[in-house]
Amino acid sequence: MAKTSYAIALGSNRRHGRHGSPAGAVEAAIRALDETKLDLVARSSIYRTAALGPAGRSFANAVAIVATRLEPPKLLARLKWIEREFGRRRGRRWGPRVLDLDIILWSGGTWPRYPRFAPPDGLRVPHRELARRRFVLQPLAEIAPDWRDPLSGRSVHQL
């Protein structure tokens with residue numbers, strides 16, 4: 001299988017014992033992506049953004065583009081492993097977290113291939129909330145403004 005590209009959103013709003021501030025955790029997570037056999041193609045600046053819901057503290061957010069031969073479910077498993085390595089534990093939805101990694105876009109199009117048949121809580125690419133998340137769109141537009149959402153056909157810049 002040929003390599004494909006993914007846009008990965010990174011976020012943190014809790015200090016990390018080894019990496020320090022949320023921005024430090026995001027920097028370390030970007031390095032971890034590259035060190036786990038995902039080819040780091042590009043990365044955005046780190047943005048400070050207000051928390052949504054009960055998360056409380058503001059977030060450090062960024063986007064990285066990686067290239068890999070992994071299919072979306074295998075990449076998601078790798079991202080969840082990195083989150084656990086950073087001390088992420090399952091908790092309440094929208095709560096504070098030391099690291100959050102999400103697949104936002106994939107150069108392969110949509111996952112599953114026929115999104116309307118996907119289970120409601122399963123992996124979906126593009127990310128369900130992509131068009132409503134400025135904290136993802138802003139860093140993504142910095143490094144990939146012309147990447148198109150395969151569902152709407154709109155570029156990241158247009159979104």
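The model is predicted: local features need pLDDT of at least 70, side-chain atom pairs count only at pLDDT 80 or more, and totals for chains, interfaces and linings use all residues. Residues are numbered from 1 along each chain as its sequence is written, and side-chain values use heavy atoms, leaving out hydrogens and water.

Two aromatic pairs are present; rings of Phe, Tyr and Trp (its six-membered ring) pair if their centres lie within 6.5 Å, and planes under 30 degrees apart count as stacked, over 60 as edge-to-face and the rest as tilted. The rings of Tyr6 and Trp106 are stacked, because their centres are 5.9 Å apart and their planes at 10 degrees. This pair links strand S1, which holds Tyr6, to strand S5, which holds Trp106, 100 residues apart in the chain (strands are DSSP runs of E, at least two residues, and helices runs of H or I, at least four, numbered from the N terminus). The rings of Trp106 and Trp111, with centres 5.9 Å apart and planes at 70 degrees, are edge-to-face. Tyr6, Trp106 and Trp111 form one aromatic cluster.

## Nonpolar cores

The largest nonpolar core has 25 residues, and Ile8, Leu10, Leu33, Leu75 and Phe86 have the most contacts inside it (a core is a set of buried Ala, Val, Leu, Ile, Met, Phe, Trp, Tyr and Cys residues joined through side-chain atoms within 4.5 Å). Helix H1 gives the largest share of this core, six residues.

Methods
Buried means under 20% relative accessible area, exposed over 50%, partly exposed in between (1.4 Å probe, protein chains only).
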